Amino acid sequence: MQTKILIIGACGQIGTELTAKLRSTYGVENVIASDIRKLENDVVKNGIFEVVNALDYNQIEHLIEKYHITDVYLMAALLSATAEKNPAFAWDLNMNSLFHVLNLAKAGKIKKIFWPSSIAVFGPTTPRHNTPQYTIMEPSTVYGISKQTGERWAEYYHKQYGVDIRSIRYPGLISWSTEAGGGTTDYAVDIYHKAITDGKFTSFLAENSALPMMYMDDAIKATIQIMQADADAIKIRSSYNLAAMSFTPKELAEEISKHYPDFKITYEPDFRQKIADSWPASIDDSAAREDWGWKNDFDIENMTVDMFKNLKKNGL
């Protein structure tokens with residue numbers, strides 16, 4: 001059976017690049033992008049696009065039937081910092097969109113689901129360094145609570161109903177093509193823009209706040225790789241730890257200074273510091289590497305080179 005893909009939340013930070021990669025992999029006609037509104041961007045212009053509310057079961061079901069969808073990538077979510085400002089809506093969106101897709105799979109309407117989790121599932125009581133796959137999880141943010149709960153439901157639907165759902169816990173993601181989207185790790189996107197335009201940057205995290213990070217190219221690679229893996233290889237149906245690198249704002253600024261020697265950084269920690277302090281500093285992702293062959297391509301050095309190259313090429 002031919003793979004037909006629906007991406008819900010295709011205009012978000014991850015969805016934008018995931019949509020482009022899936023279209024080039026599976027063919028433009030086999031990838032349906034959708035989001036809550038129609039933007040003037042490549043996602044909308046370069047293929048099939050539908051407006052859909054992730055909270056509307058009937059809308060999702062209609063698209064699945066209309067396009068004979070086999071795989072759904074549910075990327076719609078309210079991220080960590082934004083979710084803290086609107087907890088009730090964050091819970092509603094992050095949880096009920098997942099239930100809609102899980103129930104459609106349970107009913108046999110789709111074959112496979114990708115649903116992203118996050119390092120936000122961990123909390124202040126989790127071991128911070130080399131955080132294990134299985135460990136204490138007491139998230140202290142709305143986003144983290146919703147993702148941890150989602151993991152439990154994902155595993156439950158797999159065990160009880162045989163739903164083929166696959167998930168990875170994204171670390172902080174860094175991309176040149178989309179602006180920061182309300183996450184606690186987004187300083188690591190904005191800092192590159194400011195280095196080019198202003199020559200200076202004010203970090204909302206303290207200089208030694210180490211967090212797990214990943215270049216978007218690697219995140220997209222992992223997302224497609226786990227979905228293409230044989231079902232038997234996916235041993236964890238809650239969510240896999242995923243890692244590439246860990247660094248602090250100070251370390252990133254030092255790397256940027258190799259390209260912009262006059263670059264200056266200052267630190268004014270805000271409410272996001274508390275969120276960062278509750279998250280791991282580094283992640284053990286050996287299960288993903290063993291089960292389905294995960295391997296990252298980017299570290300802080302070649303990521304920085306690629307970020308500047310692409311930002312300049314695109315007119316910044």
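In the predicted model, helix 5 has 20 residues and spans 28 Å from its first C-alpha to its last, close to the 28 Å expected at 1.5 Å a residue. Helix 5 covers residues 87–106. Its buried residues are Ala-90, Leu-93, Asn-94, Met-95, Ser-97, Leu-98, His-100, Val-101, Leu-102, Leu-104 and Ala-105. After helix 5 comes Gly-108, which has a positive phi, near 80°.

Ser-97 lies within helix 5. Its relative accessibility is 1%, so Ser-97 counts as buried; the cut-off for buried is under 20%. When neighbours within four places in sequence are set aside, the contacts of Ser-97 are Ala-54, Leu-55, Leu-74, Ala-76 and Asp-92. The C-alpha atoms of Ser-97 and Ile-60 are 9.5 Å apart, while 37 residues separate the two along the chain.

Two packed helices are described by the angle between their axes and the distance between the axes. For helix 5 and helix 6, the latter formed by residues 142–161, the angle is about 15° and the axes are 10 Å apart. Angles under 35 degrees count as roughly parallel, and helix 5 and helix 6 are therefore roughly parallel to each other. The crossing of helix 5 past helix 6 is right-handed. On the side of helix 5, the contact involves Pro-87, Ala-90, Trp-91, Asn-94, Met-95, Leu-98, Phe-99, Leu-102, Asn-103 and Lys-106. Helix 6 contributes Val-142, Tyr-143, Ile-145, Ser-146, Thr-149, Gly-150, Trp-153, Tyr-157 and Tyr-161. Sorted by class, the residues in the contact of helix 5 with helix 6 are 13 nonpolar, 5 polar and 1 charged.

From helix 3, Tyr-57, Ile-60, Glu-61 and Ile-64 meet His-100, Asn-103 and Leu-104 of helix 5. The contact of helix 3 with helix 5 contains 4 nonpolar, 2 polar and 1 charged residues.

Helix 12, residues 300–313, has 14 residues, and the distance from its first C-alpha to its last is 20 Å, close to the 20 Å expected at 1.5 Å a residue. Buried in helix 12 are Ile-300, Met-303, Thr-304, Asp-306, Met-307, Phe-308, Asn-310 and Leu-311. These buried residues pack against strand 9 (172–174), helix 7 (187–197), strand 11 (211–215), strand 13 (245–247) and helix 9 (249–257).

Leu-173 is placed in strand 9, one of the elements packed against by helix 12. With a relative accessibility of 5%, Leu-173 counts as buried. Beyond its neighbours within four places in sequence, Leu-173 is in contact with Gln-13, Ile-14, Thr-185, Val-189, Met-214, Met-216 and Ala-219. Leu-173 and Glu-138 are 35 residues apart along the chain, and their C-alpha atoms are separated by 22 Å.

Asp-262 sits in the loop between helix 9 and strand 14 (264–267). Its relative accessibility is 66%, and Asp-262 therefore counts as exposed.

Conventions. Residues numbered from 1 in each chain as written. Predicted model: local features only at pLDDT ≥ 70, side-chain atom pairs only at ≥ 80, totals over all residues. Heavy atoms only, no water. Axes fitted to C-alpha atoms, helices over the stretch in contact; angles between N-to-C directions. Helix = DSSP H or I, 4+ residues; strand = E, 2+ residues; numbered from the N terminus. Parallel < 35°, antiparallel > 145°, perpendicular 65-115°, else oblique. Left-handed = near helix turned anticlockwise from the far one by under 90°. Contact = heavy atoms within 4.5 Å. Nonpolar A, V, L, I, M, F, W, Y, C, P; charged D, E, K, R; others polar. Expected span 1.5 Å × (residues − 1). Buried < 20%, exposed > 50% of the residue type's maximum accessible area, 1.4 Å probe, protein only.
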